[in-house]
Amino acid sequence: MVDKSDIFFGDDPFQIVKRWFKEAVKTEINDPDAIALSTVDTSGMPNVRMVLLREIEAASFVFYTNYGSVKSKEILSNQLAAFVWHSKTLRRQIRVRGHIEKENGLAADQYYQSRSLKSRIGAWASIQSQPLSSKSHLMDQVEFFEEKYGNSPSRPPFWGGWRVKPLEIEFWADGQARLHDRFRWSRQTLEHTWDIQRLNP
Ligand SMILES: Cc1cc2nc3c(=O)[nH]c(=O)nc-3n(C[C@H](O)[C@H](O)[C@H](O)COP(=O)(O)O)c2cc1C
């Protein structure tokens, strides 16, 4: 095992991510779980946008979105994605690259139902990433779905989770005089064990 000081300590990178997020919950002013999600379109042009990382599980990271959105179309085109998390307060960064697959089962239902009624209706009303003629048209759509589904909308079939299964996770922490600490966990396939390497800053 590579020599690793306390914040990098552990044999399971998902546990390290969880620990860092837990610390960030206490220090960030909002959205401590916000990540910049990167995808690539069919021409090879990269794309990036923020999403909220809602679940960190034993072997994957899950966020939720509209399956018709640009990001989802790009994900579907090659089933690969990357994301970066940054905490300004902790001065730390986590980078993740890997495979990505749909989470549109029970976990997505449960997460959808845990959201506020307004958010649940909003998911029905927004044709995410498509042009919108006016805000008032969107509000009409909201009203339409409020009337249609009342207090108990079910999860739209076009809305759910994406599960990132990493091949690479890099932990970065700010060091003095820009001599930062970096540890990269990588594996050839999801079935392989992790290799850990300290990297130059
Ligand atoms: C802090 C923050 C968190 C966001 N979280 C989500 C999210 O969890 N899911 C989502 O679909 N969009 C989220 N958004 C909006 C996305 O950044 C983006 O505008 C939207 O998903 C459409 O992206 P696309 O057209 O590339 O698919 C968030 C934006 C910000 C600034």
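Start with the shell around the ligand in this predicted model: its residues divide into five nonpolar, four polar and three charged. To display the shell, select D31, R49, M50, V51, L52, Y64, T65, S69, V70, K71, Q128 and S129, which surround the ligand.

Next, colour by secondary structure. Strand 2 (46–56), strand 3 (61–66) and helix 2 (70–78) each supply at least two residues of this shell. Strand 2 gives the most, with four residues.

Now show side chains and look at the oxygen atoms of the ligand. At R49, a polar side-chain atom lies 2.7 Å from a ligand oxygen. Move to K71, where an N or O atom of the side chain is 2.6 Å from an oxygen atom of the ligand. Then pick S129: a polar atom of its side chain also lies 2.6 Å from a ligand oxygen. Taken alone, the ligand exposes 610 Å², and the protein buries 64% of that.

Stay on S129 and turn to the backbone. S129 sits in the loop between helix 4 (117–125) and helix 5 (135–149). Its phi is positive, about 80 degrees, although S129 is not a glycine. Most residues other than glycine have a negative phi.

Last, select Q79, in the loop between helix 2 and strand 4 (80–87). Q79 is not a glycine either, yet has a positive phi of about 55 degrees. The relative accessible area of Q79 is 41%, so this residue counts as partly exposed.

Technical notes: Residues are numbered from 1 along each chain as its sequence is written. This is a predicted model: local features need pLDDT of at least 70, side-chain atom pairs count only at pLDDT 80 or more; totals for chains, interfaces and linings use all residues. Side-chain values use heavy atoms; hydrogens and water are left out. A residue is near a molecule or strand if one of its heavy atoms lies within 4 Å of it. A polar contact is a pair of N or O atoms within 3.5 Å; within protein, one must be able to donate a hydrogen and the other to accept it, and residues adjacent in sequence count only if both atoms are side-chain atoms. Accessible areas come from the Shrake-Rupley method with a 1.4 Å probe; for residues, only the protein chains shown count as cover. Ala, Val, Leu, Ile, Met, Phe, Trp, Tyr, Cys and Pro count as nonpolar, Asp, Glu, Lys and Arg as charged, and the others, Gly among them, as polar. Buried means under 20% relative accessible area, exposed over 50%, partly exposed in between (1.4 Å probe, protein chains only).
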